[in-house]
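Please look over the structure below. The report that follows takes its features one region at a time.

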Amino acid sequence: QNKFNKFVKTTEDSIRNFEKYFNSVKLKGDSVLIDSLAKIFLSNSKKLYDKKLEFIKANTNSYFSLFVFTDIYNYLQLNTDTLFNVFSHLSANLRNSIEGKKTEKILKQRISLQLNNLMPDFTFKDTTGKIFKLSEFRDSQFVLLCFWASWCGPCKRNIPFLKEMAELYKSKHLQLISISGNYDKEKWVSAIKVFSMPWLQSCDIPEYIDSPRVRETYNLIYIPQYFLINKSGYLIYHNIQLKDDDEHSILKEYLKRELD
């Protein structure tokens with residue numbers, strides 16, 4: 001652990017100092033500057049995760065390496081193939097431990113969420129109490145699965161874009177489904193009324209989603225995330241994996257190509 005702390009100290013100190021500045025800016029409420037700094041923060045975070053991977057590669061027999069690995073495997077900016085490659089180089093004792101087997105299971109789940117794979121099915125209720133399954137839209141419609149929450153600034157800024165897409169493709173076999181990460185049902189219901197989103201809405205709480213929760217099934221560490229699923233149920237677009245921009249240029253291109 002001491003060896004690891006020394007290895008990442010310079011990178012962590014840099015990020016910690018930037019985070020202090022970032023937090024001070026957030027208190028001032030400058031949304032444009034906040035968004036710009038958020039991108040820099042993500043870039044710096046990626047450097048730290050790369051540094052941690054470098055440590056693991058150099059210490060494949062250390063139990064602490066497995067501990068570090070379980071701290072980073074959910075970070076979506078790291079390529080799943082890269083993660084699996086690093087995991088495979090850990091010693092057999094580590095990989096076959098209880099923690100190692102659990103880690104391998106989660107990595108395989110990550111692979112199932114990669115582009116061109118069949119998306120995990122789940123059951124949900126909409127705001128009227130009607131029950132749906134994701135798989136029931138197969139063979140008839142494309143699905144744009146949208147994960148958001150009423151407290152998420154970027155999510156709320158994307159709502160006009162989603163409304164535009166819903167209107168543009170409503171007669172072209174596109175079904176939008178929004179799943180909220182709100183824990184408070186009342187805040188979620190209130191947000192739906194405020195933002196007036198005329199497509200299927202559900203919330204990732206036991207009253208609306210069967211166990212396990214969607215955030216676990218879809219490995220949701222942060223939002224917003226958007227999954228475009230074709231009529232066969234396969235993922236053809238994910239904003240994180242494809243590194244789409246704030247204007248959703250790649251998503252627009254995919255929708256136009258598939259539905260126009």
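## The disulfide

How far apart are the sulfur atoms of Cys 152 and Cys 155, which form a disulfide? In this predicted model, the two sulfurs are 2.3 Å apart. The structure holds one disulfide. The S-S torsion of Cys 152 and Cys 155 is about 75°, so the bond is right-handed. Cys 152 is buried, and Cys 155 is buried too.

Cys 146 takes part in no disulfide. For Cys 146, the nearest cysteine sulfur belongs to Cys 155, 9.9 Å away. Cys 146 has a relative accessible area of 1%, so it counts as buried.

## The five-stranded sheet

Five strands make an open sheet. Their order is β5-β4-β3-β6-β7, and the pairing is mixed. At the edges are β5 (200–203) and β7 (235–238), each pairing on one side only. On average, neighbouring strands are turned by 20° against each other, with direction ignored.

The pairings can be taken one by one. β3 (residues 142–148) and β4 (residues 174–180) run parallel over seven bridges. Leu 144 stands opposite Leu 176 of β4. β3 also pairs with β6, here in the antiparallel sense and over five bridges. Leu 145 stands opposite Phe 227 in β6. β6 and β7 are antiparallel as well, joined by three bridges. Ile 229 has Leu 235 in β7 as its bridge partner, and Leu 228 has Tyr 237 in β7. The hairpin of β6 and β7 has five residues between the strands. In this hairpin, Gly 233 takes a positive phi near 90°.

## Strand β6

Is β6 mostly covered or mostly uncovered? It is mostly covered: five of its five residues are buried. Gln 225, Phe 227 and Ile 229 point one way from the strand. Tyr 226 and Leu 228 point the other way. In a regular strand, side chains alternate between the two faces of the sheet.

## Helices on the sheet

Helix α8 (residues 185–195) lies across β3, β4 and β5. It runs at about 160° to β5. Helix α10 (residues 249–259) also packs on the sheet. It touches β3, β4, β6 (225–229) and β7. The direction of α10 makes about 150° with that of β7.

Leu 162 sits in helix α7 (residues 153–168). Its relative accessibility is 4%, so Leu 162 counts as buried. Which residues does Leu 162 touch, leaving out those up to four places away in sequence? They are Leu 144, Cys 146, Leu 176, Trp 199 and Tyr 226. Ser 36 is 126 residues from Leu 162 along the chain, and their C-alpha atoms are separated by 22 Å.

Gln 175 lies in strand β4. At 16% relative accessibility, Gln 175 counts as buried, because the cut-off is under 20%. Residues up to four places away in sequence aside, Gln 175 touches Phe 137, Gln 141, Phe 142, Val 143, Leu 144, Trp 199 and Leu 200.

Ser 91 is in the loop between α4 (80–88) and α5 (92–95). Ser 91 has 16% relative accessibility, so it counts as buried. With residues up to four places away in sequence left out, Ser 91 touches Thr 60 and Asn 61.

## The α1 and α2 pair

Two packed helices are described by the angle between their axes and the distance between the axes. Helix α1 (residues 2–28) packs with helix α2 (residues 31–58) at an angle of about 170°. Their axes are 10 Å apart. Why do α1 and α2 count as roughly antiparallel? Angles over 145 degrees count as roughly antiparallel, so the pair at about 170° falls in that class. The contact of α1 with α2 draws on 16 nonpolar, three polar and eight charged residues.

Terms used:
Residues are numbered from 1 along each chain as its sequence is written. This is a predicted model: local features need pLDDT of at least 70, side-chain atom pairs count only at pLDDT 80 or more; totals for chains, interfaces and linings use all residues. Side-chain values use heavy atoms; hydrogens and water are left out. Helices (H or I, at least four residues) and strands (E, at least two) are DSSP runs, numbered from the N terminus. Buried means under 20% relative accessible area, exposed over 50%, partly exposed in between (1.4 Å probe, protein chains only). Contact means heavy atoms within 4.5 Å. Axes are lines fitted to C-alpha atoms, for helices over the stretch in contact, and angles run from 0 to 180 degrees between N-to-C directions. Angles under 35 degrees count as roughly parallel, over 145 as roughly antiparallel, 65 to 115 as roughly perpendicular and the rest as oblique. Ala, Val, Leu, Ile, Met, Phe, Trp, Tyr, Cys and Pro count as nonpolar, Asp, Glu, Lys and Arg as charged, and the others, Gly among them, as polar. A disulfide is a pair of cysteine sulfur atoms within 2.5 Å. Two strands pair if DSSP finds at least two bridges between them.
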